[in-house]
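Here are my notes on the helix packing. Please read them alongside the model.

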Amino acid sequence: MKFRKVFSRKKLDECVIGVTLMLYIFNRFALKPNLGSSVFSYLMKYYFNDYLGGILIVAYSNFVLSLSIYSYRITSLKACAGITLLCGLFWEYIFPMIYPRGTADPFDVIAYVLGGFSY
(Lines give C-alpha, C1' and ligand atoms only; values in the text may rest on other atoms or scores of the structure.)
Protein backbone atom coordinates (compact mmCIF):
# COMPACT_ATOMS: atom_id res chain seq x y z
CA MET A 1 0.00 0.00 0.00
CA LYS A 2 2.81 2.41 0.87
CA PHE A 3 4.52 1.71 -2.49
CA ARG A 4 1.33 2.66 -4.30
CA LYS A 5 1.17 6.06 -2.53
CA VAL A 6 4.81 6.82 -3.33
CA PHE A 7 4.33 5.69 -6.91
CA SER A 8 1.31 7.92 -7.44
CA ARG A 9 3.08 10.91 -5.88
CA LYS A 10 6.06 10.28 -8.13
CA LYS A 11 3.77 10.22 -11.16
CA LEU A 12 2.10 13.42 -9.97
CA ASP A 13 5.48 15.13 -9.72
CA GLU A 14 6.38 13.90 -13.20
CA CYS A 15 3.15 15.36 -14.56
CA VAL A 16 3.69 18.67 -12.77
CA ILE A 17 7.23 18.86 -14.18
CA GLY A 18 5.97 18.08 -17.70
CA VAL A 19 3.11 20.59 -17.59
CA THR A 20 5.35 23.28 -16.09
CA LEU A 21 7.95 22.81 -18.83
CA MET A 22 5.27 22.92 -21.53
CA LEU A 23 3.85 26.15 -20.07
CA TYR A 24 7.35 27.62 -19.98
CA ILE A 25 7.95 26.75 -23.64
CA PHE A 26 4.52 28.09 -24.61
CA ASN A 27 5.11 31.35 -22.74
CA ARG A 28 8.66 31.76 -24.03
CA PHE A 29 8.02 31.12 -27.71
CA ALA A 30 4.32 31.82 -28.29
CA LEU A 31 3.02 34.30 -25.72
CA LYS A 32 5.97 36.63 -25.04
CA PRO A 33 6.57 37.64 -28.67
CA ASN A 34 2.85 38.31 -29.25
CA LEU A 35 1.78 40.13 -26.09
CA GLY A 36 0.93 43.82 -26.05
CA SER A 37 1.67 46.34 -23.35
CA SER A 38 -0.98 45.65 -20.70
CA VAL A 39 -0.32 44.77 -17.07
CA PHE A 40 -1.13 41.13 -17.87
CA SER A 41 1.46 41.05 -20.65
CA TYR A 42 4.04 42.65 -18.34
CA LEU A 43 3.47 39.94 -15.73
CA MET A 44 3.60 37.19 -18.36
CA LYS A 45 6.79 38.55 -19.92
CA TYR A 46 8.79 39.16 -16.78
CA TYR A 47 7.44 37.04 -13.94
CA PHE A 48 5.42 34.07 -15.20
CA ASN A 49 8.50 31.95 -15.96
CA ASP A 50 9.87 32.67 -12.47
CA TYR A 51 6.51 31.66 -11.02
CA LEU A 52 6.73 28.41 -13.00
CA GLY A 53 10.28 28.00 -11.71
CA GLY A 54 8.98 27.97 -8.14
CA ILE A 55 6.56 25.18 -9.00
CA LEU A 56 9.29 23.29 -10.82
CA ILE A 57 11.77 23.59 -7.94
CA VAL A 58 9.39 21.91 -5.49
CA ALA A 59 8.14 19.27 -7.97
CA TYR A 60 11.68 18.35 -9.02
CA SER A 61 12.87 18.23 -5.41
CA ASN A 62 9.99 15.91 -4.50
CA PHE A 63 10.71 13.76 -7.55
CA VAL A 64 14.37 13.38 -6.54
CA LEU A 65 13.37 12.66 -2.95
CA SER A 66 10.97 9.96 -4.16
CA LEU A 67 13.94 8.15 -5.73
CA SER A 68 15.76 8.01 -2.40
CA ILE A 69 15.28 5.52 0.38
CA TYR A 70 13.76 8.22 2.60
CA SER A 71 10.06 9.00 2.52
CA TYR A 72 10.42 12.75 2.98
CA ARG A 73 8.40 15.12 0.78
CA ILE A 74 8.17 18.88 0.67
CA THR A 75 4.50 19.48 1.40
CA SER A 76 4.09 22.25 3.97
CA LEU A 77 3.82 25.88 2.91
CA LYS A 78 6.74 26.71 5.19
CA ALA A 79 9.01 24.15 3.49
CA CYS A 80 7.88 25.22 0.00
CA ALA A 81 8.52 28.86 0.85
CA GLY A 82 11.90 28.06 2.37
CA ILE A 83 13.28 26.07 -0.53
CA THR A 84 12.00 28.46 -3.19
CA LEU A 85 13.22 31.48 -1.22
CA LEU A 86 16.72 29.99 -0.94
CA CYS A 87 16.79 29.03 -4.62
CA GLY A 88 15.43 32.43 -5.65
CA LEU A 89 17.96 34.32 -3.54
CA PHE A 90 20.78 32.25 -4.99
CA TRP A 91 19.57 32.66 -8.55
CA GLU A 92 18.86 36.39 -8.26
CA TYR A 93 21.70 37.58 -6.02
CA ILE A 94 24.57 35.06 -5.88
CA PHE A 95 24.52 33.89 -9.51
CA PRO A 96 24.77 37.45 -10.94
CA MET A 97 28.06 37.81 -9.05
CA ILE A 98 29.41 34.84 -11.03
CA TYR A 99 27.69 35.58 -14.33
CA PRO A 100 27.91 39.31 -15.02
CA ARG A 101 24.99 39.44 -17.48
CA GLY A 102 22.56 38.28 -14.79
CA THR A 103 20.34 40.81 -13.06
CA ALA A 104 18.91 40.84 -9.56
CA ASP A 105 15.20 41.47 -9.17
CA PRO A 106 13.44 41.07 -5.81
CA PHE A 107 10.09 40.56 -7.57
CA ASP A 108 11.54 37.46 -9.23
CA VAL A 109 12.19 36.00 -5.78
CA ILE A 110 8.58 36.76 -4.84
CA ALA A 111 7.43 35.00 -8.04
CA TYR A 112 9.52 31.92 -7.11
CA VAL A 113 7.99 31.78 -3.64
CA LEU A 114 4.44 32.22 -5.01
CA GLY A 115 5.13 29.36 -7.40
CA GLY A 116 6.28 27.22 -4.49
CA PHE A 117 3.07 28.09 -2.64
CA SER A 118 1.06 27.06 -5.70
CA TYR A 119 2.64 23.65 -5.75
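Is Ser61 buried or exposed?

1. Ser61 counts as buried, because its relative accessibility is 17%; buried means under 20% relative accessible area, exposed over 50%, and partly exposed in between, with a 1.4 Å probe and protein chains only. Ser61 sits in helix 3. It touches Ile74 and Ile83, leaving aside residues up to four places away in sequence. Contact means heavy atoms within 4.5 Å.

2. This is a predicted model: local features need pLDDT of at least 70, side-chain atom pairs count only at pLDDT 80 or more, and totals for chains, interfaces and linings use all residues. Residues are numbered from 1 along each chain as its sequence is written, and side-chain values use heavy atoms, without hydrogens and water.

3. Helix 3 (residues 48–67) and helix 5 (residues 106–118) have axes that come within 6 Å and cross at roughly 45°. Helix 3 is therefore oblique to helix 5. Angles under 35 degrees count as roughly parallel, over 145 as roughly antiparallel, 65 to 115 as roughly perpendicular, and the rest as oblique. Axes are lines fitted to C-alpha atoms, for helices over the stretch in contact, and angles run from 0 to 180 degrees between N-to-C directions. Helices are DSSP runs (H or I, at least four residues), numbered from the N terminus.

4. Residues in the helix 3 and helix 5 contact include Gly53, Gly54 and Ile57 of helix 3 and Ala111, Gly115 and Gly116 of helix 5.

5. Helix 4 (residues 77–98) packs against helix 5 at about 150°, with the axes 8 Å apart. The two are therefore roughly antiparallel. Among the contact residues are Leu85, Gly88 and Trp91 of helix 4 and Val109, Tyr112 and Phe117 of helix 5.
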